Every structure is written in structure tokens, then in C-alpha cells.
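I opened this entry to look up helices, cores, pockets and cavities. My notes follow the structure.

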Amino acid sequence: MQNNPLVTLIAADAPVAAETHGGRAKCLQRLVRLDLPVPRTVALSFEAVQALAKGDMPDLEAIVSQFARGTLLCVRPSSEDPDWGGPGAVLNIGMNDARHKELSTNMGDEAASALYLRFVQSYATHVARLDPDEFDLEGEDNDLPRTLQAYEEEADEPFPQDPAQQLAGVLLSMARAWQGTTARLLRQAKGAPADAGLGLVVQEMILGLGQGECGSGVLQLVNRSSGKPQVTGRYLSQSQGRDALGAGAKALYLESDVRGKALEDVAPEAFAALKVHAALMREKLREEMQVEFVIEAGQVHLLDGVRVARSSRAAVRIAVRLAQDGIITPQEAVMRIDPHSLNELLHRQIDPKAARDVLATGIGASPGAATGQIVFTAAEAQASAARREPCILVRRETSPEDIRGMHAAVAVLTERGGMTSHAAVIGRGMGLPCIVGASSMRFQTRDRLLTAPDGRVLKTGDIITVDGTSGQVLAGQPKMIEAALDDAFQTLMGWADAARDIDIRANADTPADAQLARNFNAQGIGLCRTEHMFFEPARLVVMREMIFAETSQGRAAVLERLLPMQRDDFVQLFSIMQGKPVCIRLFDPPLHEFLPATRTGQRQLAEALNLPVSDVTRRVEAMSEYNPMLGLRGVRLGVTVPEIYDMQARAIFEAALLASTPEHPVVPEIMIPLVSAKREVELVKTRIDAVAASVKSEQGKDFEFRLGVMVETPRAALRAHEIAPYCEFLSFGTNDLTQMTYGLSRDDAGRFMSDYVRQGVFPEDPFHVLDVEGVGELLKLGAERGRAGHEGITLSICGEHGGNPESIAFCRDAGFDYVSCSPFRVPVARLAAAQLAISHNISG
């Protein structure tokens with residue numbers, strides 16, 4: 001049997017592998033190789049269990065012959081990944097009337113009856129498929145004779161006495177349970193393939209009941225929440241399996257503890273041996289392991305070892321400690337952390353143990369959780385913040401006018417939108433928890449009411465919680481876990497930076513964003529959207545004056561008042577980044593966004609500008625567009641209203657001179673948005689070069705700058721060879737490029753995107769995960785043609801895809817120089833980029 005790959009005794013040289021026999025069987029073999037006290041065990045392979053499910057029983061006599069006569073057995077599942085689960089273990093196989101009589105003599109009737117009773121109950125419910133209520137172990141009537149009688153009445157036959165028949169029934173029931181629809185759906189939900197195999201292990205029972213110190217428990221050397229060293233677990237005298245975990249106050253602590261009795265107190269030698277065994281497993285299995293053990297007459301036996309379940313923050317500390325202890329390499333530590341899991345470290349999260357009163361579910365667009373009172377306008381949010389009362393800004397959808405309210409709120413909830421809608425993009429940039437597309441709720445913003453699908457009505461001031469990680473809107477205030485960027489996190493990210501081979505920048509619009517970027521070790525700012533700077537009240541008035549100016553000279557005169565404000569913005573950004581590259585996108589949105597849409601707002605503007613209300617209304621109507629996102633915006637404004645770009649270029653150049661130091665010279669990068677033709681670039685470049693020459697002459701100082709194009713239209717990607725000679729860099733704005741490639745509004749896609757993904761129209765939301773087949777082909781063409789037109793041109797992406805690990809893989813393979821993403825996604829991108837580089841080096 002030892003050399004039989006289908007059914008084999010687990011020995012040091014047995015043909016056992018996780019891919020063929022499952023993780024439990026392989027772990028037991030490793031423990032055997034370490035000469036640890038593991039009970040004798042036989043492993044059945046995936047192939048053997050598949051055959052078993054079809055009725056092809058293995059050689060039971062050969063299996064039973066591996067154990068001493070009369071040995072009780074247990075059968076446990078062994079899936080390839082322990083997280084995939086499997087049927088519950090069945091203990092004490094082989095108990096019958098004769099064995100009960102023998103054990104009653106040796107260990108006492110109470111212990112022997114407990115063993116038999118447990119097996120009958122388990123066999124009845126899992127093998128014979130009888131009503132579990134008839135065999136409930138709780139209650140005074142559950143003595144052994146009554147339970148055996150109940151089995152005979154329910155099954156119409158006596159309880160089987162042949163150990164081989166018992167074992168055959170258990171093996172067959174577990175094999176078929178794994179093939180069931182419910183089991184398949186459960187393991188698929190945990191990431192297992194539908195056809196995942198199951199192995200089984202047949203193990204000698206160490207009873208855990210009897211004379212002397214007997215019992216069972218689990219032990220681990222690390223805290224699963226914090227990842228810090230700590231002996232944790234439970235032990236229960238006179239017990240089997242994992243009984244200690246459900247025993248409550250009856251269970252003992254492991255280490256001596258002032259709160260109660262501990263295993264170290266009642267069996268110090270056994271406890272010391274357990275710690276030695278666990279430490280050896282940690283070292284040799286190169287992982288923090290939870291040990292399942294049994295003590296019989298004071299002697300320790302190891303039944304199993306599984307990877308310690310852990311929180312995201314514990315996973316980071318565990319990986320770092322293993323590397324610092326020389327058990328794994330720093331590169332292995334980097335590879336062990338899921339980049340997406342870092343979101344739990346960067347933001348407050350709802351305590352996993354907290355109860356959740358779910359009102360509705362939308363799209364979790366910006367991770368983290370926050371609790372506050374409902375407000376329905378930006379003004380209400382600012383007023384709430386002034387009173388130091390946390391608030392949730394609830395809107396149908398957000399616009400640039402809501403920026404101040406978003407800054408004041410602790411979270412945002414919108415009815416409309418998708419992963420790249422305004423609320424989602426700004427929320428991620430600010431680290432603000434955000435749920436968009438919560439269309440199952442009824443948003444009555446005019447009446448200041450929010451109605452949940454179950455009919456609950458919420459009003460201004462009611463307390464809700466937004467979980468931007470899961471997309472759930474909760475009633476009330478559940479317990480939170482604070483963000484934790486500790487020393488272990490910083491160490492891991494240092495190792496990641498040493499390994500990666502693509503740069504990571506941040507999208508940052510404000511000094512606060514820039515400081516976040518520095519804190520997260522971004523290598524520069526890849527996108528600064530200047531339009532958000534114009535919505536401050538003092539600036540908004542000036543912008544509106546400029547819009548109403550009738551001549552070029554009039555516009556330039558008004559913009560002269562904005563110049564020092566813009567210059568101060570850029571000085572702050574440059575100073576914070578200390579010589580790291582800062583890429584500033586020139587003004588992009590359509591001008592009508594700066595005009596009031598309501599009659600009240602138009603009346604107030606007319607008063608501020610000393611104009612008739614009719615003039616204001618006519619100008620608002622004249623500037624309205626059928627499709628403003630494809631209208632007069634971006635470079636089109638720069639060509640037709642050039643005074644805006646002139647002012648911004650001057651502000652950038654003057655700020656660069658003010659912020660430059662000998663140690664950190666500033667070389668600003670200026671990016672032209674929404675380009676589709678080379679002539680657009682020629683026209684804007686000519687004016688920017690003229691402004692640069694003028695500033696150099698006025699200041700008597702020289703400086704350098706880099707001019708580039710934001711590739712957001714398919715035509716710009718296709719004609720990149722014509723555009724590139726006028727640029728130092730091409731930065732692909734994948735948000736708009738995806739919109740234009742699909743002909744799909746990112747703000748409206750949330751209404752049907754889940755249906756499209758579920759029905760297989762799109763494999764993923766293309767605004768969340770880069771479409772490498774469609775949009776990706778445009779990126780590749782644009783990169784190839786851009787390099788053909790300008791050898792050595794810098795290539796990057798600066799859309800929200802820049803922080804997605806799958807998108808980073810594409811950019812790295814395509815030879816892009818850097819990706820840029822929201823500040824809070826920078827650590828995720830740094831780690832993902834490092835893992836890609838390490839994987840490439842391993843495979844290469």
C-alpha cells in the first residue's frame with residue numbers, strides 16, 4: 001500500500017502531494033518527516049475518492065490492516081486548499097457493542113459510552129441521513145441505549161457492528177457529499193473550481209478520554225487579529241476533535257492566565273512539548289500554523305496542522321516576521337500579501353464581529369467605512385462639519401459643485417454612477433468611503449428623504465454607515481477597526497519598492513492629496529486636475545466673470561486675478577513633492593459647469609455681476625450642450641479660449657521658479673487634455689512656449705518644463721505617431737478612453753453593468769478592470785506609434801485603472817514607464833507591481 005498512489009500509508013517517502021491527495025494529507029506527511037507524534041494515517045487520493053463516489057470501494061481490508069486490531073478510526077476531508085472546506089470529520093469509527101464493553105473495563109463506562117454515543121449520532125446524521133433531532137446529544141434522554149434504540153427505529157435496522165461496514169459507509173457518504181450541489185456551490189464561492197478534487201485521510205483515533213490527563217485542543221503562536229506573537233487557543237479535558245473551540249467557559253486557556261485554569265497548569269510538560277512542536281512547524285513549514293492536538297495520559301499527539309486564519313493586518317505582520325526571522329525571503333513575504341487586502345489597512349473598516357443591519361447594497365467605489373448623520377446638500381455637509389458632527393453626503397449623483405461638501409463629509413452615497421463616476425473618482429482620491437449606484441434605494445433629495453427597499457424611511461439627521469469596501473449601506477453605528485500603517489507595513493512596502501520595475505505616481509489635486517502621495521511614497525504626481533481648484537467660492541466668482549467677459553482682453557484681465565491663486569496652489573504642490581515630477585493637466589471641463597443651474601443661483605449671480613437676470617439666463621442657455629462631455633472642453637477650450645491656458649502656464653512657470661531649490665529643482669510637466677489632432681497640440685504648444693519665454697525674460701531665470709498629451713480619444717491613440725513629435729510624454733487617460741471606445745457613459749453604466757457582467761456580455765466592469773482586448777489594443781497601438789514618432793517618449797496611464805493590479809500587469813508588459821492612481825491606491829499599486837516583477841524574475 002505504501003507505494004500505491006491511490007491509497008497509501010502516510011510515510012516520509014509515500015507518493016503524496018497536495019495536488020493529488022489534498023493539503024491535509026500533505027501536511028501530515030511533512031509532520032511525519034519532522035518526526036512529530038502523528039497518529040498512523042492512510043490517505044485516499046482525489047482519484048480514489050472520485051471512484052468511491054461512483055460506488056467503486058477501495059480495498060477496505062488493506063486499509064484496516066494498516067492499524068492494530070480494534071483500533072478506532074476517524075476520517076477527515078483533505079481538499080487541495082484547506083479554505084475550500086469539505087465534509088465534517090467522523091470520529092470513533094469501529095465503536096460497537098463489543099468494543100464498548102472492552103473500553104468500559106479499561107477507561108470506565110462514562111468515557112466509553114461518550115465515545116460510542118458520539119459515533120452513533122454522527123453516523124446516523126451523516127451516513128444514514130436520519131433526522132438529526134432524533135439524535136441530539138443535548139438533554140437527559142440521550143443515554144446510549146436510548147440512542148441505539150432510536151437509530152434502529154428510524155433506520156429499520158440495528159446499528160451496524162462491523163467496523164469495515166462502518167468505515168465503508170463513512171467513506172462513501174463523505175465522497176458523495178463532496179459531489180453534491182450545495183457543497184460545489186459553497187467551495188466555488190470560496191474560489192475553488194467546480195471540479196476540485198477531495199482526498200480523505202483515515203487516521204488512528206487518539207481518544208482524548210480516559211484515565212490521567214486527556215483532552216483535545218488547538219494551539220497557535222500568533223494572534224490572528226494583530227499578527228503579533230502570542231500563544232492562543234483552547235484546551236478541553238476529556239474531549240475529542242475541536243470540542244474545545246465550542247466549549248465556552250469549560251475550556252482551559254493554554255498559557256497560565258489570571259482569568260482561569262490553563263493547560264500549562266494541569267499538564268506543564270505537555271504544554272511545553274506543544275510549543276516546541278508548533279515552533280518547529282513554523283520553521284520547517286515556513287508558515288504560522290494552528291496545531292490540532294490530543295493529549296492522552298499526558299502524552300501529546302498532533303492530529304493536523306492548518307495555516308492560521310488571519311486578518312489583513314495580521315497577514316502583513318506575519319509575513320514580515322517570517323522574513324525577519326530568516327524563514328522566508330523578503331521577496332516571498334511580498335508575494336504572500338494580496339494587494340487588494342491593503343485597503344483594510346489604509347482605511348477604517350467595520351469590525352468583522354459587528355452585527356450588520358443592511359439597508360441596501362450598491363457599488364463599493366471607494367473603500368473604508370464611516371458613520372454619520374444623513375445630509376442631502378453640500379451646504380448641509382459643511383454646516384454639519386462646522387458643528388463637528390460627522391455626516392454622510394447623500395446625492396443622486398455628485399458634480400464638481402459638491403466638492404466642498406465631499407470634503408466636509410465622512411462618506412458619500414449616490415443613487416447613480418459607477419466605478420469611474422465623479423463621486424467614485426473623487427472619493428478614492430480623498431480616501432473618502434463611497435458607495436455609488438445604490439439604485440435599490442429611493443432618493444427623494446428634494447424632500448430630504450431616503451427610502452430603503454424594505455420600506456424604512458430615513459431623513460436628514462438619521463445615522464447610517466457607509467461601507468465602501470463591501471458596498472453595503474447600514475443602519476446605525478457598528479463597531480469600527482481603525483486603519484493601521486505600522487512598522488510591518490512600512491517594512492513590507494520597502495521590500496516591494498526594491499523589487500518593482502515600474503514607477504508609481506499619484507493623482508493629486510490639492511496640497512492634502514500631494515502630502516498623502518508623499519506619505520505613501522509615490523514617485524511623483526501623474527495627474528493634477530486643475531479644475532477642482534476653481535470651485536472655491538472666491539475663485540468661482542472670478543471664473544464666472546471670465547465666462548461673461550465679451551473679449552479676449554476682458555477674459556485675460558479677469559484671469560489676471562486668478563493667476564496668484566493658481567500660482568500659490570502650484571507652489572504648494574511643488575514644495576510638498578520636493579523635486580519629484582508633478583504633471584499638471586490644463587483646464588478640462590466645459591465652462592457651463594461653473595454656471596448655476598437653478599433660477600435662484602442665476603439670480604444671485606446676476607446680482608454679483610450687476611447684470612440683468614435675463615442676460616445671465618441667456619448666457620447659461622447659450623452655453624448648454626446636448627453632450628457636454630464630448631463638447632467644448634479640454635484642448636478645444638485651449639484653442640478657442642486660449643487665455644485660460646495662458647494664465648495656467650504662467651502660474652505653473654512662476655511657481656516652479658519660486659519652489660525650486662538647488663537640492664530639489666522643479667521641472668513641471670504640463671499635460672494637454674482631450675487631444676484628437678496634432679494641430680491642436682501645435683497651437684497650444686506655440687502659446688505655452690511663448691509664455692515660457694516671457695516668464696524667463698521677466699524673471700531673468702532659466703527653467704525646464706515637459707509638455708505632454710493626455711490620450712483620451714481613440715483618434716489620439718491611432719494618430720500617436722503624428723502627435724508624439726510635439727511631446728515629451730503621452731499619458732493615457734483610460735477613464736475617458738474607455739467611455740469613448742465603448743460609447744458608454746461611466747456615470748450611467750452602473751444601472752446595468754452588473755447585469756452585463758452576470759450574463760457574460762463583459763467579463764468585468766471595463767471602468768473597474770482594464771479591457772485589455774479592446775481599450776488595451778488602443779493602448780498598445782498608441783504606445784507603439786508614439787515611440788515610432790518620438791523614440792524615448794515617456795508612456796503612462798493616469799486613469800483609475802492605474803491602481804488596479806491586473807491593469808498594472810498589462811502596462812508593465814506593454815513597456816509603460818509608470819502608472820498613476822489615487823493616493824490611497826498607491827500602496828496597492830506598489831505591491832502589485834513588485835509581485836509582477838518578482839514573478840517575472842522567477843519564471844524568467
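These are my notes, topic by topic.

**Starting point.** I am working from a predicted model.

**Helix α6.** I looked up α6 first. This helix runs over residues 109–126, 18 residues in total. I read 26 Å from its first C-alpha to its last, close to the expected 26 Å. Next I listed its buried residues. Among them are Leu115, Tyr116, Leu117, Phe119, Val120 and Tyr123. Ser113, Ser122 and Thr125 of α6 are buried as well. What do the buried residues of α6 pack against? I found β4 (90–93), α5 (97–107), α7 (144–155) and α8 (163–179).

**Nonpolar cores.** I then turned to the cores. In soluble globular proteins, nonpolar side chains tend to be buried together. The largest nonpolar core here has 127 residues. Phe574, Phe653, Leu730 and Phe732 have the most contacts inside it. Which helix gives the most to this core? It is α25 (residues 643–659), with 11 residues. I followed up Phe653, leaving out neighbours within four places in sequence. Phe653 is in contact with Ile670, Ile688, Val691, Ala692, Val695, Phe703 and Phe705. I also noted a second, separate core of 54 residues, which includes Val7, Leu44, Ile63 and Ala168.

**Second largest pocket.** I looked up its volume and got about 1,100 Å³. It has 37 lining residues, and Pro82, Asp83, Gly305, Val306 and Arg307 are the closest to its centre. Elements that give two or more residues to the lining are α2 (23–33), β3 (73–79), α11 (268–285), β8 (289–296) and β9 (299–307). The largest share, five residues, comes from α2. I sorted the lining of this pocket into 12 nonpolar, 10 polar and 15 charged residues.

**Cavities.** How many cavities of 30 Å³ or more does the structure hold? I found three.

I took the largest cavity first. It holds about 50 Å³ of space. Its lining includes Cys74, Arg76, Leu91, Glu204, Met205, Val294 and Leu303. Both β3 and β5 (198–204) supply at least two residues of that lining. I count seven nonpolar, three polar and two charged residues around the largest cavity.

The second largest cavity came next, at about 40 Å³. Asn343, His347, Ser366, Pro367, Arg428, Phe824 and Arg825 line this cavity. They divide into two nonpolar, three polar and two charged.

Terms used: Residues numbered from 1 in each chain as written. Predicted model: local features only at pLDDT ≥ 70, side-chain atom pairs only at ≥ 80, totals over all residues. Heavy atoms only, no water. Helix = DSSP H or I, 4+ residues; strand = E, 2+ residues; numbered from the N terminus. Expected span 1.5 Å × (residues − 1). Buried < 20%, exposed > 50% of the residue type's maximum accessible area, 1.4 Å probe, protein only. Contact = heavy atoms within 4.5 Å. 1 Å grid on protein atoms, 1.4 Å probe; cavity = no way out; pocket = protein on both sides within 12 Å on 5 of 7 lines; lining within 4 Å. Points joined across faces, edges and corners; volume = space filled by probe spheres on them. Nonpolar A, V, L, I, M, F, W, Y, C, P; charged D, E, K, R; others polar. Core = buried A, V, L, I, M, F, W, Y, C linked by side-chain atoms within 4.5 Å.
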